[in-house]
Amino acid sequence: MVKKIQKNGSDKQASAQAFNSPLSGAIKDSAQQIWLAGLGAFSKAQEEGGKAFESLVKEGLSIQRKTQAVAEERISEATNKVSSMATDISSKASGQWDKLESIFEERVAKALNKLGVPSARDVDALIKRIDALNQHVQQLAGKAPAKTAARKAAPAKKAAAAKKVAAKPAARKTPRKAATA
């Protein structure tokens, strides 16, 4: 057993000699430099981390602005396309509406004609004939012709006056019958 203790003691001496050798010194120095480099990198990362974060925020903001500009451009293009389509549809619809309106007017005119209601053209022609007859009657009676322009402007007044004239003799006949009866 004594030999074993001596061996263990000699192992310690060998390891102590190896620890003090130039290779072990170089390893210690290298490890020390690696440790110091790590501390320096950590310190620099702390200092420049805020700067890097701020630069990333600025870059993200610029990318966001560019993206918004592109999106707004696309939206305006889509809006222009939709408005042009709406204009086209509106013009087509108004054209169809005009056709429908003219068809409706024609059918109403035909229905009124079948019922015997005179059209505006018929009324205008009759007014012209009445004016011509009035002039002729006035010429025969020796009077100067009356203003026909005023009569043309108010054909409704003539029709109302004609109805009143026709209604007055009928009204006169009724009271006489009542008085004689």
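Modeller: D98 has 48% relative accessibility, so D98 counts as partly exposed. Keep in mind that this is a predicted model, where local features need pLDDT of at least 70, side-chain atom pairs count only at pLDDT 80 or more, and totals for chains, interfaces and linings use all residues. Residues are numbered from 1 along each chain as its sequence is written, and side-chain values use heavy atoms, with hydrogens and water left out.

D98 sits in helix α2, which covers residues 22–115; helices here are DSSP runs (H or I, at least four residues), numbered from the N terminus. Patches take residues with over 30% relative accessible area and no salt bridge, joining like charges within 9 Å and nonpolar side chains (Val, Leu, Ile, Met, Phe, Trp, Tyr) within 5 Å. A salt bridge is a side-chain nitrogen of Lys or Arg within 4 Å of a carboxyl oxygen of Asp or Glu.

There's a nonpolar surface patch too, made of F104, V108, L112, L115 and V117, with about 480 Å² of accessible area together (Shrake-Rupley method, 1.4 Å probe). L115 also belongs to helix α2, and its relative accessible area is 69%, so L115 is exposed.

As for the whole chain, it has five helices and zero strands, and buried residues make up 4% of its 181 residues.

Methods. Helices (H or I, at least four residues) and strands (E, at least two) are DSSP runs, numbered from the N terminus. Buried means under 20% relative accessible area, exposed over 50%, partly exposed in between (1.4 Å probe, protein chains only).
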